[in-house]
Amino acid sequence: MAQRAKYYAIDVEAVATGTDHNARSVAQISVVDEYMRVLLNAYVKPDKPVVSYLTPLTGLTAEVLERHGVPLAQAVGQVRLLLPRDAVLVGQNIGADVAWLGLAEGRDFEGMMDLQGLFRVWNDKFRSWSVFAQGHLAKVLLAWPDPTGANEHDAVEDARKSMALFNHHRHVLTPNPQAMAAAHAALLSVPPPPSFAKRNASYEGVCMGNRKTCTCGAPFFG
């Protein structure tokens with residue numbers, strides 16, 4: 001009999017349906033449980049014209065979404081069927097993924113655990129909290145290999161990465177203060193690579209939403 005899970009990692013990838021950094025539509029959804037079982041990999045057909053599939057970032061193409069995509073409501077329905085009411089959702093900035101899918105805390109799930117907050121480290125040099133990208137966390141703490149394909153992100157891979165990081169935090173770091181301190185020191189000492197948005201202020205005419213190099217002037221939320 002399969003073990004019942006309490007924690008579920010959710011990751012969403014999006015395509016651009018406009019040129020500003022907020023113009024995005026859900027195109028891939030993945031759910032992975034705490035036992036690293038991939039429960040869902042759903043492709044979504046956007047209901048608006050796509051300006052860019054952001055393929056180097058997402059790996060998504062028109063062909064993939066046309067062949068495998070389903071309506072967003074159908075994909076979200078699959079997510080809801082998978083989640084027990086007492087589920088705790090895990091992810092990097094998980095609140096954004098929950099908002100993308102229209103899920104409601106207290107109705108569709110019980111709570112959230114945001115990796116950004118879970119792994120934040122007080123930085124004495126800057127007298128502020130440092131937060132880290134998911135890829136940096138996974139590479140430094142888990143020796144997770146860099147993506148082998150052309151794309152930097154994939155919803156399944158990122159959901160697996162989120163759950164592996166969460167399990168590492170609760171099973172390895174939390175019970176061992178020395179291990180936690182060593183992890184914090186490593187995260188601060190290893191220089192993180194520049195993100196896609198830092199390397200590309202825009203891609204195919206689409207603003208990538210870096211606060212310092214924003215090309216569209218649209219507001220930032222969160």
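**View 1. Helices α6 and α7 cross in a left-handed way.** The contact draws on Gln 134, Leu 137, Ala 138, Leu 141 and Leu 142 from α6, and on Asp 158, Lys 161, Ser 162, Ala 164, Leu 165 and His 168 from α7; contact means heavy atoms within 4.5 Å. Sorted by class, that makes six nonpolar, three polar and two charged residues. Ala, Val, Leu, Ile, Met, Phe, Trp, Tyr, Cys and Pro go down as nonpolar, Asp, Glu, Lys and Arg as charged, and the others, Gly among them, as polar. The two axes come within 10 Å and cross at roughly 50°, so α6 and α7 are oblique to each other. Axes are lines fitted to C-alpha atoms, for helices over the stretch in contact, with angles from 0 to 180 degrees between N-to-C directions. Under 35 degrees is roughly parallel, over 145 roughly antiparallel, 65 to 115 roughly perpendicular, and the rest oblique.

A word on what you're looking at: this is a predicted model, where local features need pLDDT of at least 70 and side-chain atom pairs count only at pLDDT 80 or more, though totals for chains, interfaces and linings use all residues. Residues are numbered from 1 along each chain as its sequence is written, and side-chain values use heavy atoms, with hydrogens and water left out.

**View 2. Helix α7 also packs against α8 (residues 177–189).** Here the angle is about 140° and the axes are 9 Å apart, so this pair is oblique too. His 169, Val 172 and Leu 173 of α7 meet Pro 177, Ala 179, Met 180 and Ala 183 of α8. By class, the contact has six nonpolar, one polar and no charged residues. Helices (H or I, at least four residues) and strands (E, at least two) are DSSP runs, numbered from the N terminus.

View 3. Most residues other than glycine have a negative phi. Ala 143 is exposed, at 60% relative accessibility; the cut-offs are under 20% relative accessible area for buried, over 50% for exposed, and partly exposed in between (1.4 Å probe, protein chains only).

View 4. For Cys 214, the nearest cysteine sulfur is that of Cys 216, 3.8 Å away. The sulfur of Cys 216 has its closest cysteine sulfur in Cys 207, at 3.7 Å, which is too far for a bond. Cys 214 is partly exposed at 25% relative accessible area, and Cys 216 is partly exposed at 30%.

**View 5. Gln 78 sits in helix α3 (residues 72–82).** Gln 78 is partly exposed, at 31% relative accessibility. Leaving out residues up to four places away in sequence, Gln 78 touches Leu 40 and Ala 42. Gln 78 and Leu 39 are 39 residues apart in sequence and 9.8 Å apart in space, C-alpha to C-alpha.

Methods
A disulfide is a pair of cysteine sulfur atoms within 2.5 Å. A crossing is left-handed if the near helix is turned anticlockwise from the far one by less than a right angle, and right-handed if clockwise.
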